[in-house]
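Please look at the structure below with its sequence beside it.

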Amino acid sequence: MFKISLMDQSDLEEAFKIEQKINPSPWSKENFYSSLEVGHNSLICKVDQQIVGFIIFSTIKRESHLLNIAVLQDYQRSGAGSLLMASMMRQSKVMGSEKIFLEVRSNNKNAISFYKKFNFIQDAIRANYYLGEDPDDAVLMSLDI
Ligand SMILES: CC(C)(COP(=O)(O)OP(=O)(O)OC[C@H]1O[C@@H](n2cnc3c(N)ncnc32)[C@H](O)[C@@H]1OP(=O)(O)O)[C@@H](O)C(=O)NCCC(=O)NCCS
C-alpha cells in the first residue's frame with residue numbers, strides 16, 4: 001500500500017501542507033522549500049498518488065541527522081512512519097553513516113514512543129530549546145546503526 005520515493009521539487013507543495021498540518025514545530029516555507037537545494041535527503045511516502053508522509057535528513061561523514069518526519073493523521077499508526085524511518089536508515093548506512101541523531105519536543109510523547117520503538121536512546125535534555133507560543137525542552141536521542 002505505501003510506496004517510498006525521493007522527494008522532488010514537484011512534491012514540495014503537498015509535503016509542506018502536511019508539515020503545516022501535522023508538525024508541532026513546523027518549519028517556515030523558506031526552510032522547507034530550500035531543504036532540497038541545500039542538499040538534505042528527503043523521502044516521501046505515497047498511497048496511490050497522494051503523499052501521506054515524508055522524512056528529511058542529512059548525512060555528513062559518519063553521522064546522520066533526522067531533521068523532520070511527519071505522517072498525515074489519517075495514516076498514522078499504520079506503518080508509514082516506520083517505512084520512512086527504515087528507508088532513511090538504509091540510505092544513511094549506504095552513505096557511510098554509523099549513527100543517527102535527532103531532537104524532539106519533550107511533550108511529544110507519540111514521537112518519543114516511535115523513536116524508542118526503533119531503539120533510539122535518550123542522550124540529553126536541552127532546556128528551553130523550543131521557544132515561542134509553546135515553549136518546551138528538547139530531548140536529544142541517538143541510535144547506532
Ligand atoms: C511520529 C510519526 C511520524 C510516527 O508515524 P506513524 O506512521 O504513526 O508510525 P508507525 O505507524 O510506523 O508506528 C510505529 C510505532 O511507533 C510507536 N508509535 C507511533 N505513534 C504512536 C502513538 N501515537 N502513541 C504511542 N506509540 C506510537 C508505536 O510503537 C508504533 O508501533 P505499533 O503501532 O505497532 O504500536 C507520526 O506520529 C507523526 O507524524 N507525528 C507528528 C509529527 C511529529 O511529531 N514528528 C516528529 C517531530 S520530532
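Two strands are said to pair if DSSP finds at least two bridges between them, and the strands themselves (E, at least two residues) are, like the helices (H or I, at least four residues), DSSP runs numbered from the N terminus. The model is predicted, and for this reader it matters that local features need a pLDDT of at least 70, that side-chain atom pairs count only at pLDDT 80 or more, and that totals for chains, interfaces and linings use all residues. Residues are numbered from 1 along each chain as its sequence is written.

**Overall fold**

The protein has 4 helices and 7 strands, and from the N terminus on its elements follow the order β-α-α-β-β-β-α-β-α-β-β. Its C-alpha atoms fill a box of roughly 40 × 35 × 30 Å along the principal axes. The radius of gyration, taken over C-alpha atoms, is compared with a globule rule of 2.2 Å times the number of residues to the power 0.38; for 145 residues a compact globule would have a value near 15 Å, and the 14 Å of the protein agrees with this.

**Strand β2 and its partners**

Strand β2 (residues 41-47) has neighbours on which the following table reports, both of them antiparallel to β2.

| Partner of β2 | Residues | Bridges to β2 | A facing pair |
|---|---|---|---|
| β1 | 2-6 | 5 bridges | leucine 6 and leucine 43 |
| β3 | 50-60 | 7 bridges | phenylalanine 57 and asparagine 41 |

Between β2 and β3, which form a hairpin, there are 2 residues, and aspartate 48 in this turn has a positive phi of about 55°. A residue is called buried if 20 or more other C-beta atoms, placed from the backbone, lie within 10 Å of its own, exposed if 12 or fewer do, and partly exposed in between. Because 5 of the 7 residues of β2 are buried, this strand is largely enclosed by the rest of the structure.

**The nonpolar core**

A nonpolar core is a set of buried Ala, Val, Leu, Ile, Met, Phe, Trp, Tyr and Cys residues joined through C-beta atoms within 7 Å. The largest such core has 26 residues, of which Leu43, Phe54, Ile55, Leu84 and Met88 touch the most other members. Two or more residues come from each of α1 (12-22), β2, β3, β4, α3, β5 (99-105) and β7 (136-144), and β3 gives the most, with 5 residues. Contact here means that two C-beta atoms, placed from the backbone, lie within 7 Å; leaving aside neighbours within four places in sequence, methionine 88 is in contact with Leu43, Ile55, Phe57 and Leu66.

**Around the ligand**

The ligand is surrounded by 20 residues, and the closest are Gln76, Gly81, Ser82, Asn110 and Ser113; a residue counts as near if its C-beta atom, placed from the backbone, lies within 6 Å. At least two residues of this shell come from each of β4 (63-71), α3 (80-94) and α4 (109-117), with α4 giving the most, 5 residues.

**Two single residues**

Aspartate 8 lies in the loop between β1 and α1 and is exposed, with 10 other C-beta atoms within 10 Å. Tyrosine 129, in strand β6 (residues 121-130), is partly exposed, with 16 other C-beta atoms within 10 Å, and, not counting residues up to four places away in sequence, tyrosine 129 touches Glu103, Asp137 and Ala138.
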